[in-house]
Amino acid sequence: MFLNEHLVDIADDLFDYEKDVERNSFNILRCFVREYGKEASLYLADRIGKFEKAYEIRLKSLPDPVRSAHVKRERSAMEESKAHMWEFPPLILDERSYRAAS
């Protein structure tokens, strides 16, 4: 499911944010910081919420056995990664200075 994969990618980007700034690598939060500045976390949280709602709607449309298997696997993956909620890192508004200090 695209929506689930996108949510996982966002979670990975939040986890790797500082490393991605240091490496000057693509990161969705970096893009949001460039676009929205100090408000980036709020805009990204809104996007996450919309994807979660759409994901729930699509999940409900799956046949029961498929949905049950998917939910079971997802819970297992969350337990393994200890990922139970969204955690946003502090925003880096001046990446050049941040990289120079690293």
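Predicted model: local features only at pLDDT ≥ 70, side-chain atom pairs only at ≥ 80, totals over all residues.
Visitor: Which residues is Phe-88 in contact with, leaving aside its neighbours within four places in sequence?

Guide: With those neighbours set aside, Phe-88 is in contact with Leu-14, Ser-41, Leu-44, Ala-45 and Ile-48. Phe-88 itself belongs to the loop between helix H5 (64-81) and helix H6 (95-101), and its C-alpha lies 9.1 Å from that of Leu-29, although 59 residues separate the two in sequence.

Visitor: What makes Phe-88 count as partly exposed?

Guide: Its relative accessibility is 29%, and since buried requires under 20% and exposed requires over 50%, a value in between is called partly exposed.

Visitor: Why is Asn-27 called buried?

Guide: The relative accessible area of Asn-27 is 1%, and the limit for buried is under 20%, so the term applies. Asn-27 sits in the loop between helix H2 (17-23) and helix H3 (28-36), where, apart from residues up to four places away in sequence, it touches Asp-13, Asp-16, Tyr-17 and Asp-20. Of these, Asp-13 is among the buried residues of H1, whereas Asp-16 is partly exposed at 23% relative accessibility.

Visitor: What makes the pairing of Lys-19 and Asp-16 a salt bridge?

Guide: The N to O distance between their side chains is 3.8 Å, and the cut-off is a Lys or Arg side-chain nitrogen within 4 Å of a carboxyl oxygen of Asp or Glu, so the pair qualifies. Lys-19 is partly exposed, with a relative accessible area of 38%.

Visitor: How do you know that Arg-67 forms a salt bridge with Asp-64?

Guide: The closest N and O atoms of Arg-67 and Asp-64 are 2.1 Å apart, and the criterion asks for a separation within 4 Å, which means that this pair meets it. Both residues belong to helix H5, where a spacing of 3 residues separates them by about one helical turn.

Visitor: What joins Arg-30, Arg-34, Glu-95 and Arg-99 into one network?

Guide: Within helix H6, Arg-99 and Glu-95 lie 4 residues apart, about one turn, and their side chains meet in a salt bridge at 3.3 Å, N to O. Arg-99 is partly exposed at 29%, while Glu-95, at 12%, counts as buried. Salt bridges that share partners then link Arg-30, Arg-34, Glu-95 and Arg-99 into one network. The whole structure has 6 salt bridges.

Visitor: Why are the buried residues of H4 said to be on the same side of H4?

Guide: The residues concerned are Ala-40, Ser-41, Leu-44, Ile-48, Phe-51, Tyr-55 and Leu-59. They cover an arc of only 90° around the axis, which places them on the same side of H4. The face turned away from that buried side carries the exposed residues Leu-42, Lys-50, Lys-53, Ile-57 and Lys-60.

Visitor: What makes the span of helix H4 close to the one expected?

Guide: H4 covers residues 40-60, and its 21 residues reach 30 Å from first C-alpha to last, against an expected 30 Å at 1.5 Å a residue. Tyr-43 is also placed in H4, and together with Tyr-36 and Leu-42 it makes a nonpolar surface patch of about 310 Å².

Key
Residues numbered from 1 in each chain as written. Heavy atoms only, no water. Helix = DSSP H or I, 4+ residues; strand = E, 2+ residues; numbered from the N terminus. Expected span 1.5 Å × (residues − 1). Buried < 20%, exposed > 50% of the residue type's maximum accessible area, 1.4 Å probe, protein only. Arc of directions from axis to C-beta. Contact = heavy atoms within 4.5 Å. Patch = residues over 30% accessible without salt bridge, like charges linked within 9 Å, V, L, I, M, F, W, Y side chains within 5 Å. Areas by Shrake-Rupley, 256 points an atom, 1.4 Å probe, with all protein chains shown as cover.
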